[in-house]
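The model is a predicted one.

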Amino acid sequence: MGNAHQQNSPIFAKLSKFHLQLSHVFHFVFFVIGFSLGITLCLYAKSFSFNLQANLVSLAPSSLPVLLFQQEAELSSKPLTPPELPRPPPPDDRSQPMIIMHDMDDGELFRRASLVPRFEVFPLEHVPKVAFMFLTKGPMPLAPLWEKFFQGHEGLYSIYVHPSPSYNGSLPLNSVFYGRRIPSKPVEWGKPTMVDAMRRLLGNALLEFTNQRFVLLSETCIPLFNFTTTYSYLINTNETYIASYDDPRKVGRGRYNPQMFPTISISQWRKGSQWFELNRKLAIEIISDSKYYPIFQEYCSPPCYMDEHYFPTLVNILAPEENSNRSITWVDWSKSGPHPGKFGRQDVSDEFLNRIRLGENCTYNGKISSICFLFARKFLPNTLQPLLQIVPMWLNFNPSLTSM
């Protein structure tokens, strides 16, 4: 027995040694396999993250809200109440303003803008903005006045400027108008190009989904009230503001072309001012229009002026019950002629501006209001200094929007 045990001991020792070596080999193999799987999963995760980011970046501005809308169940759908005095951003935030230039032609712009979701309440918490759209010939001589108007209210407004494409003026980096120029084309008074420019401004403004109200202005316009009053008036209204009336005279019905029938009838034909204010729903309808615009383009030529009839007629057809049938931009038509009166330095005074501000009563959300006009037109460049002297007065003027 002893000899047998002695003879088996070397064999047993060799088997134990072999088993130990085999165990090390298996551990090493498992380690290599696990390490390889870890690297593979890590690389896949990075690739997935990169592709996800790339897909989000490639989304068009109008399609991003659609993606967000699909997450509505997880996000609040109520807009925030806008702050009364929003804090201005730190100085560094204005060092690189957002540039809104792009290379889209009108067709692509209108197509994108028309795809913006048409729901009233957005899936993300947001503060609604007012889009101020300036249709200009070139420079804005009254810009310092508007700088005072917008100061301290960043985040509550957006600005868009459509100048002549030949205008090459520059603005300081800290101007609210810096980088707000949109791609423009030549505009001729009384021609369809005027309406094209107005639709172009609307299309660009619609790409920003937080813009809820859209007001058209010119370089000769001035604000009649401070920003707080103006913003509250526009955001809280349930109407649009486009002068749209049936004028039986030669300058009204007399401009209707029977060849527009049956798409547009004489009973639908309207006249009004080109200076409008719209809600988002109607703005989308206008830039999406492919039915009435070609009719106007073909059959409305001088003495039919498209900018005086296209928007008033279209609103009368699409949403007459939502329109106030008046403009919120005041002009002086007391003198005869094709253009309203102009105002120079000698015309500017507290009394003159107050007559415009509170000169008449109108309705606002079904109640009598002492405020009918928020802006006034045809102020010459030499009115800037006297207007700036009056600024402290109207910046602190906060009238009630309605009075019974």
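## The largest pocket

The lining of the largest pocket divides into 25 nonpolar, 11 polar and 14 charged residues. In total 50 residues line this pocket, and those that lie nearest its centre are Gln274, Trp275, Trp333, Pro340 and Arg377. The space in the largest pocket comes to about 1,400 Å³, and among the elements that each supply at least two residues of its lining are helix 9 (306-318) and strand 6 (329-330).

## The chain as a whole

The protein chain has 11 helices and 9 strands, and of its 404 residues 46% are buried. Among the contacts with a separation of 6 or more, 82% are made by residues 24 or more positions apart. The accessible surface of the chain is about 21,900 Å², with 59% of that area belonging to carbon and sulfur atoms.

## Helix 3 and its packing

Helix 3 spans residues 106-114, and its buried residues are Asp106, Leu109, Phe110, Ala113 and Ser114. Seen down the helix axis, these buried residues fall within an arc of 125°, so they line one face of helix 3. The partners against which the buried residues of helix 3 pack are helix 5 (192-206) and helix 7 (280-288).

## The loop between helix 6 and strand 5

Glycine 272 is found in the loop that runs between helix 6 (227-235) and strand 5 (277-279), and it counts as buried because its relative accessibility is 7%, the cut-off for burial being under 20%. Leaving aside residues up to four places away in sequence, glycine 272 touches Ala243, Tyr245, Glu308 and Pro312. The C-alpha atom of glycine 272 is separated by 9.1 Å from that of aspartate 247, and the two residues are 25 apart along the chain.

## Other backbone features in loops

A cis peptide bond, with omega about 15°, joins proline 302 and proline 303; proline 303 lies in the loop between helix 8 (293-299) and helix 9.

Asparagine 325, in the loop between helix 9 and strand 6, has a positive phi near 60° although it is a residue other than glycine, and its relative accessibility of 43% makes it partly exposed. Lysine 378, which lies in the loop between strand 9 (375-376) and helix 11 (384-395), has a positive phi near 70° and is buried, with a relative accessible area of 18%.

Definitions and conventions: Residues numbered from 1 in each chain as written. Predicted model: local features only at pLDDT ≥ 70, side-chain atom pairs only at ≥ 80, totals over all residues. Heavy atoms only, no water. Buried < 20%, exposed > 50% of the residue type's maximum accessible area, 1.4 Å probe, protein only. Helix = DSSP H or I, 4+ residues; strand = E, 2+ residues; numbered from the N terminus. Arc of directions from axis to C-beta. Contact = heavy atoms within 4.5 Å. 1 Å grid on protein atoms, 1.4 Å probe; cavity = no way out; pocket = protein on both sides within 12 Å on 5 of 7 lines; lining within 4 Å. Points joined across faces, edges and corners; volume = space filled by probe spheres on them. Nonpolar A, V, L, I, M, F, W, Y, C, P; charged D, E, K, R; others polar. Areas by Shrake-Rupley, 256 points an atom, 1.4 Å probe, with all protein chains shown as cover.
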